[in-house]
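I opened this notebook to keep track of what I looked up, one topic at a time. Each entry says what I checked and what I found.

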Amino acid sequence: MLSIKNLQASVDDKQILKGLNLEVKAGEVHAIMGPNGSGKSTLASVLAGRDAYEVTGGEVTLEGKDLLELSPEDRAREGLFLAFQYPIEIPGVSNINFLKTAVNEIRAYKGLAPMEAKEFLKQVKEKQKLVEFDAKLANRSLNEGFSGGEKKRNEIFQLAMLEPKLSILDETDSGLDIDALRIVANGVNHLRSKDNAFVVITHYQRLLEYIVPDFVHVLYKGRIVKSGTKELALELEEKGYDWLKESVDAEEGAAI
Amino acid sequence: MSTKDDNILTELAVEEYKYGFTTDIEMDIAKKGLSEDTVRFISAKKSEPEWLLEWRLKALKHFEKMSMPQWQNFKHPKVDFQDISYYAAPKEKPKVNSIDEVDPELLETFAKLGIPLDEQKILAGVVAVDAVFDSVSVKTTFREKLKEVGVIFCSFGEAVREYPELVKKYLGTVVPQTDNLYAALNAAVFSDGSFVYIPKGVNCPMELSTYFRINAQNTGQFERTLIVADEGSYVSYLEGCTAPMRDENQLHAAVVELIALDNAEIKYSTVQNWYPGDKNGIGGIYNFVTKRGICRGDNSKISWTQVETGSSITWKYPSVILKGDNSIGEFYSVALTRNHQIADTGSKMFHIGKNTRSKIVSKGISAGVSQNSYRGLVQIGKGAEKARNFTQCDSLLIGDRCGAHTFPYIEAKNKTAKLEHEATTSKIGEDQIFYLNQRGIDSEKAVELIVNGYAKEVLNQLPMEFAVEAQKLLAISLEGSVG
């Protein structure tokens, strides 16, 4: 579904991603871990098309389509969803009105008529339940005055409503207490299917106890330096990143 | 800020002004210049009674003695009052009795503006329209139907002829001829406008509406609106305005007077879309307007709602004098400026009676290199026991080259008064736009969503049909704001 080949990207002329490769198939959940500053959030931003990030090499396709050629909104319409690490507040714009606009813009892109109000509201109800999202929040202004946990839950609620093919969760676990974490993870698990895929970016193994990944990758210095299964996450939890860093740094030294 | 968003925000320029056509119609235009002769010419053209001519001449004398005020938050442009023609009228029909008598070209103009003068078409009979084209009122619809319940809705000129006693009784009682420079100018040379009288106890059965259109070149538009709501009556009134695109600035100096007697309510809504000038700030209308209402009776209410998107300079402060006990004044405003537009607008609430209440909600939106100011005064008089005011001024900035300013004044002479003031300034950030992009919403729609969300509280005050129109207008005005 998602294919990343030798991706290189920079911010303010500073090279962050230095040849990243990743293949994600439908039905899979991939976790991306790594120390601070390794490029995890940069990867999420580059895939979503955030403006300040410049792609300097490599290619990315989503179901065969060149993702890097598309505007951020078209990437979203093609089925890419980013759950933000820091969801944005937009005063005055009701959550529901925003979601309706988003749903219908995506439908329009696919040549579908706007969703009927009745059907839309039915879906809202269902999905609210699925991700345990308070109906009162749905009627408030988008993320305005929401707690950290409420914002994250709102991201998962939106994910549920928009039914993307590929979802990237950018440190969705950060700032969540254990109950909120469980709710968010349950939501994601409900939404997993053989037709969609998830890339879960996280610092901690904790989230992966709830959202069990098929593959775990370690990102360091802008590249994936080790891949494995869920056991790798446990190993990292136990040993930290230093042993990996050392071997990579040693290799780099040898190359010079 | 990144380049793309820079583009997004600098491009906030240029959706072409959609109402910028001119109508090629034979016009009767007065020679340029302002003098006693001009005033006499206009008065004679309109076959006015002697008292009104005297009233105009008195205003002119005052005008000639007055000088340009200097307190506003913009450099007042030089206006050469001798270089303006003060009267322009379509030659053909100074008076029309039915739609068939209106010049077809003129009808086409109004059709282009989306104003159906064909009565059957007018919003299934819920809105009566008075259309003012340059200096004269072209047609007032639904007059007969309104007459059945005693409501008078006609052009100012007709009111002077047919209801002189009413006009004489109320004209200038809220905005005197001497009020300010532009009010004096208007009093001297006003050409037409609308007159409304709602008799005792009548709830006006439909929305009343006036559309103003400046067409002729080198002319000013000086209309006057007078609305009287007698005891226990109610009326909702809406005005809309457009003008052709021209390189020179044109002056619009209107006066609106509202009078609410005991237990009466007037709701006055404006959707102002005069030509704003081009993206370099060339041309556009100077919209210098005096609007004031008086809650003369106890328990009366006056509510102003305005959506201001046009004009190169907007300079106006719809106000309410709260004279009657328990009377209520309200002001809801959205003022959007972009390119080189300037808006200096707000409200004044004068609390005189006991238990009087007022509410001001002002939402400024600035983009491009525009300047948007809120200026307001809340005055609590000595006898205004337990008066209350709530003021909220919000500013929304798009891009980083525009300005938002707030000048709230408060004068309280009664200790029992309660006043609240809230103000916020926010910016449409690239983060917000990107967030919406990531949900499949393009940048233009994202800005529209954010702006309409921001302005919702004010738009909700408009009559339903016009709220939709105003929402579209805000969206159109912001088109091209994003890449």
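**Entry 1: ground rules.** I am working with a predicted model, in which local features need pLDDT of at least 70 and side-chain atom pairs count only at pLDDT 80 or more, while totals for chains, interfaces and linings use all residues. Residues are numbered from 1 along each chain as its sequence is written, and chains are lettered from A and ligands numbered from 1 in the order in which they are written.

**Entry 2: chain A as a whole.** I looked up the elements and found ten helices and twelve strands in chain A, where helices (H or I, at least four residues) and strands (E, at least two) are DSSP runs numbered from the N terminus. The C-alpha trace of chain A spans about 65 × 40 × 35 Å along its principal axes.

**Entry 3: the record.** UniProt, in an unreviewed entry, lists residues 2-246 of chain A as "domain: ABC transporter"; such annotations may be inferred rather than shown by experiment. Over residues 2-246 I noted 40% helix and 29% strand, with the end C-alpha atoms 30 Å apart.

**Entry 4: the six-stranded sheet.** In which order do the six strands of the open sheet in chain A stand? I read the order as S6-S9-S10-S3-S11-S12, with mixed pairing, where two strands pair if DSSP finds at least two bridges between them. Strands S6 (80-83) and S12 (223-228) of chain A are at the edges with a single partner strand each, so one side of each is left without a neighbour in the sheet. Between S11 (residues 215-220) of chain A and S12(A), which run antiparallel, I found five bridges, and A:His217 has A:Ser227 in S12(A) as its bridge partner.

**Entry 5: the four-stranded sheet.** A further open sheet in chain A has four strands in the order S2-S1-S4-S5, and the pairing is antiparallel. Its edges are S2 (14-24) and S5 (65-66) of chain A, each with a single partner strand. Eight bridges link S1 (residues 2-11) and S4 (residues 53-62) of chain A, and the bridge partner of A:Leu2 in S4(A) is A:Leu62.

**Entry 6: where the chains touch.** I looked up the contacts between the chains and found 23 residues of chain A in contact with 21 residues of chain B, a contact being two residues whose C-beta atoms, placed from the backbone, lie within 7 Å. On the side of chain A that touches chain B, the largest share, six residues, comes from H3(A).

**Entry 7: a strand in chain B.** Is strand S12 (residues 265-272) of chain B enclosed or open? Eight of its eight residues are buried, so S12(B) is largely enclosed by the rest of the structure. S12(B) pairs with S14 (residues 301-308) of chain B in the parallel sense over eight bridges, and B:Ile266 has B:Ile302 in S14(B) as its bridge partner.

Terms used:
Buried ≥ 20, exposed ≤ 12 C-beta atoms within 10 Å, placed from the backbone.
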